[in-house]
Amino acid sequence: MADFDGKIALVTGGGSGIGRATAIAFAREGASVVIGNRNSDAGAAVVKTIKNEGGEASFLRTDVSSEDDVKALIGHAVATYGRLDVAFNNAGIGGAGGPLADQTVDNFDAVMNTNVKGVWLSMKYEIPEMLKTGGGAIVNNSSIGGLLGFAGVGIYSASKHAVMGLTRSAALEYSAHGIRVNAVNPAVIRTPMAESLARMRKVKPDDFSKAHPIGRIGEPEEVAATVLWLCSDKASFVTGTATCVDGGFTIQ
Ligand SMILES: NC(=O)c1ccc[n+]([C@@H]2O[C@H](COP(=O)([O-])OP(=O)(O)OC[C@H]3O[C@@H](n4cnc5c(N)ncnc54)[C@H](O)[C@@H]3O)[C@@H](O)[C@H]2O)c1
């Protein structure tokens, strides 16, 4: 029996990169997967990939910074599959790079609205559904930028620190009610977001390898495997953690 047979899993930002890999991994482990993504073509393509492999998935166009959209997404999950067991709140953007004094209010709002408000809104509507069925597990996608400062991406780093605050507070509030809430903290992972970071720094994604003690950057499937473990019963005593998937970046 697979770890998520009969379970309903939600993935925001499931159209690309880490979210895509995690949605596919959940489906391979037996879950019915609901994908919310701002880009419809990408979200629909992941559903097609899952169905072609014999899995079950559904997509709803969602901007996680919109309360109406998030409410509709969780409503769609429950209307389609009956309940919600696990959620990966992953949708995020890097925003514009550069020193803090050069940043614009528009960039600040865009990053905070997706990365912070989006995670909070997702939990706001996921938690009541999980409470109705006796519990569940939530993983929020933070970053090593949620644990350390990074020159040139200060607003992004602040947003990911806020994700840690939301994660730890939610874990305190809901763990005794059967909902474990954890964060994953990836270092550089080979996705379109890492490609834009590399373009911003005028390097290639693999040029970030030397910053990771393990000697390479990470793959989206490696984050997905960690998210699945955190959402599974194997992690039944794990809550409120920052879970680094970082090739040793943060031990330096
Ligand atoms: N790639 C990395 O190196 C890395 C490292 C640490 C953390 N992360 C985090 O991982 C998460 C996923 O990033 P990725 O690298 O897979 O990037 P990505 O750009 O490949 O994927 C992000 C996905 O989120 C969607 N999205 C963006 N804003 C949205 C919104 N407002 N509403 C709904 N969907 C939205 C995009 O359409 C896209 O499908 C992000 O939260 C990111 O901060 C990435």
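## Helix H7 and its cover

The buried residues of H7 are covered by several elements, among them H1, E4, E5, E6 and strand E7 (242-245). This is a predicted model. The buried residues of H7 are Pro220, Val223, Ala224, Thr226, Val227, Leu228, Leu230 and Cys231.

H7 has twelve residues. From first C-alpha to last, H7 reaches 17 Å, close to the 16 Å expected at 1.5 Å a residue.

## Helix H5

Helix H5 covers residues 154-174 and has 21 residues. Its reach from first C-alpha to last is 30 Å, close to the 30 Å expected at 1.5 Å a residue.

Which residues of H5 are buried? They are Ile155, Tyr156, Ser157, Ser159, Lys160, Val163, Leu166, Thr167, Ala170, Ala171 and Tyr174. An α-helix has 3.6 residues a turn, so residues three or four places apart point the same way. The cover over the buried residues of H5 includes H4, strand E5 (136-141) and strand E6 (179-186).

Start with strand E2, residues 32-37. Six of its six residues are buried, so E2 is largely enclosed by the rest of the structure. Ser32, Val34 and Gly36 lie on one side of E2, with Val33, Ile35 and Asn37 on the other. Both faces are covered. E2 pairs with E1 in the parallel sense, over five bridges. In that pairing, Ala9 stands opposite Val33 in E2.

Strand E1 (residues 8-12) also pairs with E4, in the parallel sense and over three bridges. Here Val11 stands opposite Phe88 in E4. E4 runs parallel to E5, and four bridges join them. Phe88 stands opposite Val139 in E5. Strand E4 spans residues 86-89. Val86 and Phe88 point one way, Ala87 and Asn89 the other way, and all are buried.

## The largest nonpolar core

How many residues make up the largest nonpolar core? The core has 67 residues. Those that touch the most other members are Ala9, Ala23, Phe26, Val33, Ile35 and Val227. In soluble globular proteins, nonpolar side chains tend to be buried together.

Take Phe26 as one case. Leaving aside neighbours within four places in sequence, Phe26 is in contact with Phe4, Ala9, Ala31, Val33 and Leu228. Ala9 and Val33 also stand opposite each other where E1 and E2 pair. Leu228 is one of the buried residues of H7.

## The shell around the ligand

The ligand is surrounded by 30 residues. The closest are Gly13, Gly17, Gly92, Thr191 and Met193. Helix H1 (17-28), helix H4 (105-132) and helix H6 (192-200) are the elements that give two or more residues to this shell.

The shell divides into eleven nonpolar, 17 polar and two charged residues.

Is Ala183 buried or exposed? Ala183 is buried, because 27 other C-beta atoms lie within 10 Å. Ala183 lies in strand E6. Beyond four places in sequence, Ala183 touches Val139, Asn140, Ser142, Gly146, Val163, Met164, Thr167, Thr241, Ala242 and Thr243. Val163 and Thr167 are buried residues of H5. Ala183 and Thr239 are 56 residues apart in sequence, yet 8.8 Å apart in space, C-alpha to C-alpha.

Ala187 lies in the loop between E6 and H6. Ala187 is buried, with 23 other C-beta atoms within 10 Å. Setting aside neighbours within four places in sequence, its contacts are Ile144, His212, Gly218, Asp246, Gly247 and Phe249. Phe249 is 62 residues from Ala187 along the chain, and their C-alpha atoms are separated by 6.8 Å.

## Two exposed loop residues

Glu53 sits in the loop between helix H2 (40-52) and strand E3 (56-61). Glu53 is exposed, because 11 other C-beta atoms lie within 10 Å and the cut-off for exposed is 12 or fewer. Not counting residues up to four places away in sequence, Glu53 touches Ala27 and Arg28.

Lys202 lies in the loop between H6 and helix H7 (220-231). Lys202 is exposed, with 7 other C-beta atoms within 10 Å. Lys202 is not a glycine, although its phi is positive, at about 55°.

Methods:
Residues numbered from 1 in each chain as written. Predicted model: local features only at pLDDT ≥ 70, side-chain atom pairs only at ≥ 80, totals over all residues. Near = placed C-beta within 6 Å. Nonpolar A, V, L, I, M, F, W, Y, C, P; charged D, E, K, R; others polar. Expected span 1.5 Å × (residues − 1). Buried ≥ 20, exposed ≤ 12 C-beta atoms within 10 Å, placed from the backbone. Contact = placed C-beta atoms within 7 Å. Core = buried A, V, L, I, M, F, W, Y, C linked by C-beta atoms within 7 Å. Pairing = 2+ DSSP bridges.
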